[in-house]
Amino acid sequence: KKALNALPIPYTMAALQLAVGIPYAMLLWATGLRKAPKLSADNVKTLIPVSLGHLGTHIGAVISLGAGAVSFTHIIKASEPVVSAGLSAVMLGAVYSPITYATLLPIVGGVALATVKELSFAWGALLGAVVSDLALALRNVYSKLALSGPSKEGEERLSPANLFGVLTVLSTAVSIPLALAMEGPQFGAVWAAAAAQFGAGKLALYTTLTGLYFYAYSEVAMKALNNVHPVTHAIGNTMRRVVIMLVCIGVFGTPMTPLAAMGSVLAIGGSFLYSMVKAEEKRKAKE
């Protein structure tokens with residue numbers, strides 16, 4: 001958010017942050033600390049939809065964060081389990097009990113309450129977060145298919161960590177020309193103005209750190225996705241947003257109405273309720 005306040009070029013920032021992960025992944029593969037993936041043309045073809053979902057997730061979030069408050073972005077993104085549940089039912093055939101879907105209603109209601117009179121409302125932030133939600137749900141569904149689908153004879157299955165490394169390379173390859181097309185002509189002037197005010201070293205540091213943090217978080221999330229259903233994965237993301245929202249409200253002094261606070265609590269409460277219902281259903285299935 002600090003980097004975007006200084007550099008209001010979200011497409012370029014998203015591309016730079018994605019690109020930061022490539023040297024990290026390449027270093028691990030080159031040194032043998034992590035086994036390098038062996039990809040066929042079919043592998044790459046299968047992962048292209050996943051990488052596009054990954055790209056849309058990141059760009060949408062960066063646009064939203066740049067256009068509005070961090071807390072507002074994460075209030076909207078708290079509805080991600082609802083999107084994920086719908087896509088999982090359609091694309092994976094995963095249908096749950098009515099009570100499980102009923103636990104998603106507080107999330108929807110909470111998000112609605114939190115945004116109806118949100119002081120930091122901005123259309124750019126809303127649309128960016130919605131696009132990010134949809135792209136993330138698609139990425140998770142396609143990732144689940146890529147991780148659990150049958151392998152061809154002699155074909156090596158990608159580990160979750162390697163899957164994310166490959167997705168980073170593929171999505172960066174698309175994000176760079178997209179950033180050049182959207183913001184290329186203004187990049188020089190925006191960077192020069194921001195560097196004069198904040199210092200080029202500070203801007204480079206912020207961009208690099210956000211890229212590294214994003215890669216580290218996403219790689220861990222990809223490993224989790226290998227062991228849980230996309231909807232459960234989305235619930236975990238919802239819970240972490242409580243911490244992000246509280247920290248950023250404190251750091252940036254973002255005002256929040258009582259209605260927004262009530263809606264946020266309701267959405268998070270719905271997430272917790274959903275987790276409890278899913279855990280009970282899983283226990284009964286094992287029995």
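Tutor: What follows goes from helix pairs to nonpolar cores and then to aromatic rings.

This is a predicted model, in which local features need pLDDT of at least 70 and side-chain atom pairs count only at pLDDT 80 or more, while totals for chains, interfaces and linings use all residues. Residues are numbered from 1 along each chain as its sequence is written, and side-chain values use heavy atoms, with hydrogens and water left out.

Helices here are DSSP runs (H or I, at least four residues), numbered from the N terminus. Two packed helices are described by the angle between their axes and the distance between the axes. The axes are lines fitted to C-alpha atoms over the stretch in contact, and the angles run from 0 to 180 degrees between N-to-C directions.

Start with H3 and H9, whose axes are 8 Å apart at an angle of about 65 degrees. These two helices are therefore roughly perpendicular (the range is 65 to 115 degrees; under 35 is roughly parallel, over 145 roughly antiparallel and the rest oblique). Contact means heavy atoms within 4.5 Å. On the H3 side the residues that meet H9 include Val44, Leu47 and Ile59, and on the H9 side they include Leu163, Phe164 and Leu178.

Next come H4 (residues 70-77) and H7 (residues 105-116), with axes that come within 9 Å and cross at roughly 150 degrees. That makes H4 roughly antiparallel to H7. Phe72, Ile75 and Ile76 of H4 touch Val111, Ala114 and Thr115 of H7, and the crossing is left-handed.

H7 also packs on H12 (residues 258-286), at about 165 degrees and with the axes 7 Å apart. H7 is thus roughly antiparallel to H12, and this crossing is left-handed. Among the residues in contact are Val111 and Ala114 of H7 and Ala267 of H12.

Now the cores. A nonpolar core is a set of buried Ala, Val, Leu, Ile, Met, Phe, Trp, Tyr and Cys residues joined through side-chain atoms within 4.5 Å. Buried means under 20% relative accessible area, exposed over 50% and partly exposed in between, using a 1.4 Å probe and protein chains only. The largest core has 16 residues, and those with the most contacts inside it are Leu7, Ile9, Met13, Val62 and Leu203. H1 (2-6), H2, H3 (41-67), H9 (160-198) and H10 each give two or more residues to this core. Leaving aside neighbours within four places in sequence, Leu203 touches Ala6, Leu7, Trp191, Ala194, Ala195 and Phe198. A second, separate core of 13 residues includes Ala78, Val111, Ala114 and Ala267.

Last, the rings. Rings of Phe, Tyr and Trp (its six-membered ring) pair if their centres lie within 6.5 Å, and planes under 30 degrees apart count as stacked, over 60 as edge-to-face and the rest as tilted. By this rule there are three aromatic pairs. The centres of Tyr24 and Tyr215 are 5.2 Å apart and their planes stand at 70 degrees, so this pair is edge-to-face. Tyr24 lies in H2 (residues 10-31) and Tyr215 in H10 (residues 200-225), so the pair ties together parts 191 residues apart in sequence. Tyr24 is partly exposed at 35% relative accessibility, whereas Tyr215 is buried at 4%. Together with Phe164, Tyr24 and Tyr215 form one aromatic cluster.

Notes: Left-handed = near helix turned anticlockwise from the far one by under 90°.
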